[in-house]
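Please read the following alongside the sequence and the 3D view. The text goes through the structure one part at a time.

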Amino acid sequence: MRVVGATEPLVRARMVTLPTVGVLVGADSSCEVRLEDPAVSRKHATIVPVAEGFEVSDLGSRNGTWLDGARITRVVAPAGATLGIGNSLVQLLPEEDSLDIPPSEATSFGDLFGSSEPMRRIFAILERASRSSAPVLLLGESGTGKELAARALHASSLRRGGPFVVFDCGAASTTLIESELFGHKKGAFTGAHRDHSGAFAAAHGGTLFLDEIGDLPLSVQPKLLRLLERSEVTPLGARAAERYDVRFVAATHRNLWSDVGAGHFRGDLYYRLAVVEIHLPPLRQRKDDIPPLVRALLRANGASDAEVGGPQLERLLRYAWPGNVRELRNVMARAVALGMPGAKFGDMPILLRTDGATREPIAQADMPYIEAKEALLARFDRDYCADLLNRSGPNLSEAARMAKIERKYLYRVLERAGIRPRDTQGDE
Ligand SMILES: Nc1ncnc2c1ncn2[C@@H]1O[C@H](COP(=O)(O)OP(=O)(O)OP(=O)(O)O)[C@@H](O)[C@H]1O
């Protein structure tokens with residue numbers, strides 16, 4: 001059972017495990033679940049787990065116990081239901097979240113690759129979710145593939161013939177967000193010279209991807225909630241509501257649950273969006289995915305995917321990938337672009353970020369000292385040259401000037417590092 005401090009900041013968001021005998025909910029200190037909410041009665045309600053869900057009984061409270069907009073006295077609520085108790089929200093969750101779906105046999109879903117167990121579990125959920133129109137919430141660090149998952153979900157759903165509309169909730173001011181999302185009528189505000197249909201209308205018959213949902217201003221959240229509940233919207237300046245058929249997929253890299261606890265995000269909106277909730281794990285927690293991703297990225301960049309292994313792969317496996325798959329994609333694209341034509345994976349110039357927090361150790365005692373030092377120096381040459389050419393562009397005279405070495409010497413270093421500059425503009 002989750003307690004959400006939706007409109008009452010005094011109520012802490014928390015998770016409570018329901019004992020089989022149930023709990024008493026109220027403001028009194030004797031209650032197992034105590035809500036520090038002035039709208040909650042001293043002994044407000046009881047919640048008992050039963051076979052069909054949760055039996056909820058109101059104990060004659062002042063402000064009532066609410067389910068789906070109706071005041072209840074006694075009801076068996078299904079798992080996943082959200083109760084209104086005073087100004088607080090309480091969601092009733094099954095003990096084993098429905099996420100216990102066996103992993104899919106597939107190692108991809110649309111363009112999303114992954115053979116690790118966590119990714120195959122995600123594919124299994126996405127496969128099921130693509131058969132319905134239920135809202136999906138995608139959580140995960142930046143670059144873990146949230147947008148790709150949303151696109152793949154749309155492409156494999158029955159809505160694939162309809163539009164896929166991306167809306168970035170963090171990109172605009174509050175007024176702009178309202179008009180971009182819900183639309184406006186001519187004259188609704190200064191500068192509204194003509195009618196504008198928003199992203200919701202544009203996604204009719206398809207999917208609306210709400211990116212960075214955690215950045216949606218609190219003031220816009222009730223309007224989005226109504227839209228999710230009723231599938232209708234009243235554009236700014238309009239008299240009547242307009243109805244559209246839209247599937248919602250939202251994503252954020254933030255911890256939305258703690259945003260709810262902190263009062264920055266409405267708990268009721270969270271639950272509406274998170275009918276299916278999927279956590280995309282960071283790449284460092286599913287290193288099994290690195291070799292197949294590297295092969296796929298090599299192929300995508302027109303290089304051979306043979307011989308992915310050895311110390312070069314070990315380096316990639318040791319690295320923390322703060323930018324996740326996006327960073328891996330960029331690293332591989334650069335390695336192919338800067339490598340010799342037909343270069344083997346082991347000889348490609350692979351450049352990794354080595355800032356303090358994510359720095360991998362530069363040496364390991366897994367080979368003899370001289371060999372290890374030579375390998376490190378070779379890596380140094382490769383990384384230095386790759387970065388140098390990134391900075392200088394294709395002009396080798398400029399590169400030599402920046403590195404403060406003779407151009408002839410630079411040629412030798414580049415050759416040793418296995419780098420063939422693309423263009424030698426400015427060269428004799
Ligand atoms: N599992 C994956 N398989 C293949 N490519 C992936 C995978 N995950 C991410 N990518 C690639 O990484 C890049 C970033 O993915 P995407 O934009 O979907 O991430 P995101 O989680 O939405 O990031 P952000 O939060 O920064 O918007 C894209 O080029 C995408 O193709």
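Which residues of the largest nonpolar core touch the most other members? In this predicted model, they are L138, F200 and L208, in a core of 46 residues. Helix α1, residues 117–129, gives this core its largest share, namely six residues.

Beyond its neighbours within four places in sequence, L208 is in contact with V165, F167, A199, F200, A203, V246 and F248. One of these partners, F200, is also among the residues that touch the most other members of the core.

The ligand comes next. Its surroundings consist of 16 residues, and the closest are S142, G145, K146, E147 and V325. Three elements each supply at least two residues of the shell: β13 (112–113), α2 (146–155) and α10 (324–338). Sorted by class, the shell has seven polar, five charged and four nonpolar residues.

How far does the predictor trust its result? The mean pLDDT of the protein chain is 86, with 92% of its residues at 70 or more. Residues 423–428 have a pLDDT below 50, although this stretch has eleven contacts in the model beyond near neighbours in sequence. Where pLDDT is low, the predicted coordinates should not be read in detail. For the complex, the predictor gives an ipTM of 0.98 and a pTM of 0.67.

Key
Residues numbered from 1 in each chain as written. Predicted model: local features only at pLDDT ≥ 70, side-chain atom pairs only at ≥ 80, totals over all residues. Core = buried A, V, L, I, M, F, W, Y, C linked by C-beta atoms within 7 Å. Buried ≥ 20, exposed ≤ 12 C-beta atoms within 10 Å, placed from the backbone. Helix = DSSP H or I, 4+ residues; strand = E, 2+ residues; numbered from the N terminus. Contact = placed C-beta atoms within 7 Å. pLDDT = per-residue confidence, 0-100. Near = placed C-beta within 6 Å. Nonpolar A, V, L, I, M, F, W, Y, C, P; charged D, E, K, R; others polar.
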